[in-house]
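Here are my notes on this model. Please read them with the structure open beside you.

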Amino acid sequence: MNNRCILQPALLLCFSTTALSLRYNLLRLQQFNSSVECQKLLEQLNERPAECLSDRMDFKIPKEIKHPQQFQKAQAAFVIYEMLKDIFHVFKKGYYNPDWNNTIVTDLLRELHQQMVLLNTMVVEKLGEENKRQAYSMIILRLKSYYVRIRMYLEAKEYSSCAWTVVREELYWNFSFINRLTDNFQN
């Protein structure tokens, strides 16, 4: 009798752990595919003109984002969510380069929004306040400052084509960092 009482909670724990692991594996695959799609869309916007080389800028992405091995799954999910949200807001402002194809920008915004919804539904909502506080540590504050620098740069350059070329290239690399963060989902 006692064995049955212990067996049921043990099986429930195994199944819930397996389900959570499967959720992260699915999320990892979907996030990777979404990042690749966003990079393809960014590549389609237009190539970097030679006259824009002098406009290059180091926006100083937080070093934890470049080397995300220390993040746990929950933290990585929150950081990815914040990155997607901030990238979305950079483009959503409506000041994007007038030379760009509006359909590509709309597709990019849709892809970003879908991934934010997926992350929010599968992970962020379910993790609770304690995990949010841990994830919203100094790294999130540094990440927010990074995206503010990007938006201030665009504003200072009056949303010029060259400024957007520099920002487009910077955001392109953000998706590589997002994929590195997503690798934490398999651990």
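**Notes on the helix packing**

1. H3 and H5 are roughly parallel to each other, because their axes cross at roughly 15° and angles under 35 degrees count as roughly parallel. Keep in mind that this is a predicted model. The axes of H3 and H5 come within 11 Å. Their crossing is right-handed.

2. Now look at who touches whom in this pair. From H3, the contact uses Val79, Glu82, Met83, Lys85, Asp86, Ile87 and Val90. From H5, the partners are Ile140, Leu143, Lys144, Tyr147, Ile150, Arg151 and Leu154. Sorted by class, the contact of H3 with H5 has nine nonpolar residues and five charged ones. It has no polar residues.

3. Step back to the whole chain. The chain has 187 residues, and buried residues make up 41% of them. It holds six helices and zero strands. Read from the N terminus, the elements run α-α-α-α-α-α. Take the contacts in the chain with a separation of 6 or more: residues 24 or more positions apart account for 89% of these.

4. A word on describing such pairs. Two packed helices are described by the angle between their axes and by the distance between the axes.

5. The next pair is H5 and H6. Helix H5 covers residues 138-156, and helix H6 covers residues 161-182. Their axes come within 9 Å and cross at roughly 160°. H5 and H6 are therefore roughly antiparallel to each other, since angles over 145 degrees count that way. H5 passes H6 in a left-handed crossing.

6. Which residues in H5 and H6 meet? H5 brings Tyr146, Tyr147, Ile150, Tyr153 and Leu154. H6 brings Ala163, Trp164, Val166, Val167, Glu170, Leu171 and Asn174. The residues of this contact divide into ten nonpolar, one polar and one charged. Tyr147, Ile150 and Leu154 also take part in the contact of H5 with H3.

7. Check the loop between H5 and H6. Glu158 is placed in this loop. Its phi is near 55°, a positive value in a residue other than glycine. Tyr159 is also placed in the loop between H5 and H6. Phi of Tyr159 is likewise near 55°, again positive in a residue other than glycine.

8. Are Glu158 and Tyr159 exposed or partly exposed? Glu158 is exposed, because its relative accessible area is 68% and the cut-off for exposed is over 50%. Tyr159 has a relative accessible area of 23%, so Tyr159 is partly exposed.

9. Turn to the salt bridges. The count comes to eight. One of them joins Arg142 and Glu64, with the closest N and O atoms 2.2 Å apart. Arg142 lies in helix H5 and Glu64 in helix H2 (residues 63-66), so the pair ties together parts that are 78 residues apart in sequence. Arg142 is partly exposed, at 35% relative accessibility. Glu64 is buried, with a relative accessible area of 16%.

10. Another salt bridge stays within one helix. The side chains of Lys85 and Glu82 meet at 3.3 Å, N to O. Lys85 and Glu82 are three residues apart in helix H3 (residues 73-92), so about one helical turn separates them. Lys85 counts as partly exposed at 25% relative accessibility. Glu82 counts as buried at 1%.

11. Together with Asp86 and Lys144, they are linked in a network of salt bridges.

12. Asp107 forms a salt bridge with Arg110, and the closest N and O atoms are 3.1 Å apart. Asp107 is partly exposed, with a relative accessible area of 23%. Arg110 is partly exposed as well, at 45% relative accessibility.

Conventions:
Residues numbered from 1 in each chain as written. Predicted model: local features only at pLDDT ≥ 70, side-chain atom pairs only at ≥ 80, totals over all residues. Heavy atoms only, no water. Axes fitted to C-alpha atoms, helices over the stretch in contact; angles between N-to-C directions. Helix = DSSP H or I, 4+ residues; strand = E, 2+ residues; numbered from the N terminus. Parallel < 35°, antiparallel > 145°, perpendicular 65-115°, else oblique. Left-handed = near helix turned anticlockwise from the far one by under 90°. Contact = heavy atoms within 4.5 Å. Nonpolar A, V, L, I, M, F, W, Y, C, P; charged D, E, K, R; others polar. Buried < 20%, exposed > 50% of the residue type's maximum accessible area, 1.4 Å probe, protein only. Salt bridge = Lys/Arg side-chain N within 4 Å of Asp/Glu carboxyl O.
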